[in-house]
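Dear colleague,

Please find below the structure that I am handing over to you, with its sequence. My notes on its aromatic residues follow.

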Amino acid sequence: MIRSKKMLAAAKAQSCVNCGVSDGTVVAAHYTGLRSNLLGKGTGHKPHDLCVADLCHKCHYKFDVSFDTPSFDKKIDKSEQFLFNIIKTLIRRIDQGVIKVEGHQVE
């Protein structure tokens, strides 16, 4: 299981990757979408710390609550949106120098 306080702390003072707001509520929100169990999520366990998106309180709530909806199509849509936000956050972490990629120079 990948755990990294540095990865989670890097969300502080960032803007939300979903809506762009910078309101001081942005946290590294763990993935709660479809197949999250394959990424380490279980009873009392969150997925790997690589599976996070920098989300404000409003967007974090929207993604967490939306998975309780009965519509499978909405669950698929929200899951895909969350995964896209995780990718945007991973790119941000690389640009911040939190994640090191050999050959990539931080601008």
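Tyr31, Phe63 and Phe82 come together in one aromatic cluster. Please bear in mind that the model is predicted.

Searching the whole structure gave two aromatic pairs. In one of them, Tyr31 and Phe82, the ring centres are 5.4 Å apart and the planes stand at 85°, so this pair is edge-to-face; the cut-off for that class is over 60 degrees. Tyr31 belongs to the loop between strand E1 (27–30) and strand E2 (52–55), while Phe82 is part of helix H3 (residues 72–96), so the contact ties together parts that are 51 residues apart in sequence.

Are these two residues buried or exposed? Tyr31 has a relative accessibility of 1% and therefore counts as buried. Phe82, at 0% relative accessibility, counts as buried too. The limit for a buried residue is under 20%.

Phe82 also forms an aromatic pair with Phe63, and this one is tilted, with 5.0 Å from centre to centre and 55° between the planes. Here Phe63 in helix H2 (residues 57–66) is linked to Phe82 in helix H3, and the two are 19 residues apart, in distant parts of the chain. Phe63, like Phe82, is buried.

Two lysines deserve mention alongside Phe63. Lys62 places its charged end over the ring of Phe63, 5.3 Å from the ring's centre. Lys78 lies over the face of Phe63 as well, at 5.8 Å from the ring centre.

With kind regards

Terms used. Residues numbered from 1 in each chain as written. Predicted model: local features only at pLDDT ≥ 70, side-chain atom pairs only at ≥ 80, totals over all residues. Heavy atoms only, no water. Phe/Tyr/Trp six-rings, centres within 6.5 Å; stacked < 30°, edge-to-face > 60°. Helix = DSSP H or I, 4+ residues; strand = E, 2+ residues; numbered from the N terminus. Buried < 20%, exposed > 50% of the residue type's maximum accessible area, 1.4 Å probe, protein only. Lys NZ or Arg CZ within 6 Å of the ring centre and 35° of its normal.
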